[in-house]
Amino acid sequence: QVQLVESGGGLVQAGGSLRLSCAASGRTFSTYAMGWFRQAPGKEREFVAAINWSGSRTYYADSVKGRFTISRDNAKNTVYLQMNTLKPDDTAGYYCAAAIATIPRDRQSVSYWGQGTQVTVSS
């Protein structure tokens, strides 16, 4: 069992930056691939970024490539999402995800979800 708690969301102007954090419980954090998804009102939850267990491989949605960076610190049981050059279209609830034996690049591959943190980008 893994519990995920996100933090770092908030209100930011377009062009600004935010860093999201996801703290995980449990001793087996380093064995999970981790990811971030987002969900805007009236839309489906979509993949944003993912990282393998060691941090050696990362994956991004085309819409955030070059602007967002996912990273992890296994010693701190934490995964991060650095978001730069934010746009109003990035406004959504952002959810941390953990996956077993796969990379969480779609909702079906996710084993555990966090409760989400809201990111609002004003124009």
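In this predicted model, four strands come together in an open, antiparallel sheet, arranged in the order S1-S3-S8-S7. Strand S1 (4–7) and S7 form the edges, each of them pairing on one side only. On average, neighbouring strands of this sheet are turned by 15° against each other, direction ignored. As a reminder, strands of a sheet pair through backbone hydrogen bonds, in either a parallel or an antiparallel fashion.

Asn-77 sits in the loop between strand S7 (68–73) and strand S8 (78–83). With a relative accessible area of 18%, Asn-77 counts as buried, because the cut-off for that class is under 20%. What does Asn-77 contact, leaving aside its neighbours within four places in sequence? The partners are Cys-22, Ala-23, Ala-24, Ser-25, Gly-26 and Phe-29.

Attention now turns to charged side chains. Side chains of opposite charge can pair when their charged atoms come close. The count of salt bridges in the model comes to five. One of them pairs Arg-38 with Glu-46, whose closest N and O atoms are 2.7 Å apart. The two partners can be described by their accessibility: Arg-38 is buried, at a relative accessible area of 6%, while Glu-46 is partly exposed, at 35%.

Another salt bridge brings together Asp-90 and Arg-67, with an N to O distance of 2.8 Å. Asp-90 lies in the loop between S8 and S9 and Arg-67 in the loop between strand S6 (58–60) and S7, so this pair ties together parts that are 23 residues apart in sequence. Both Asp-90 and Arg-67 are buried. Through salt bridges that share partners, Arg-38, Glu-46, Arg-67 and Asp-90 are joined into one network.

A further salt bridge is formed by the side chains of Glu-44 and Arg-107, at 3.4 Å from N to O. Glu-44 belongs to the loop between strand S4 (33–39) and strand S5 (46–51), and Arg-107 to the loop between strand S9 (92–99) and strand S10 (112–113); the pair therefore ties together parts that are 63 residues apart in sequence. Glu-44 is exposed, with a relative accessible area of 59%, whereas Arg-107 is partly exposed, with a value of 36%.

Note on methods. Residues are numbered from 1 along each chain as its sequence is written. This is a predicted model: local features need pLDDT of at least 70, side-chain atom pairs count only at pLDDT 80 or more; totals for chains, interfaces and linings use all residues. Side-chain values use heavy atoms; hydrogens and water are left out. Helices (H or I, at least four residues) and strands (E, at least two) are DSSP runs, numbered from the N terminus. Buried means under 20% relative accessible area, exposed over 50%, partly exposed in between (1.4 Å probe, protein chains only). Contact means heavy atoms within 4.5 Å. Two strands pair if DSSP finds at least two bridges between them. Axes are lines fitted to C-alpha atoms, for helices over the stretch in contact, and angles run from 0 to 180 degrees between N-to-C directions. A salt bridge is a side-chain nitrogen of Lys or Arg within 4 Å of a carboxyl oxygen of Asp or Glu.
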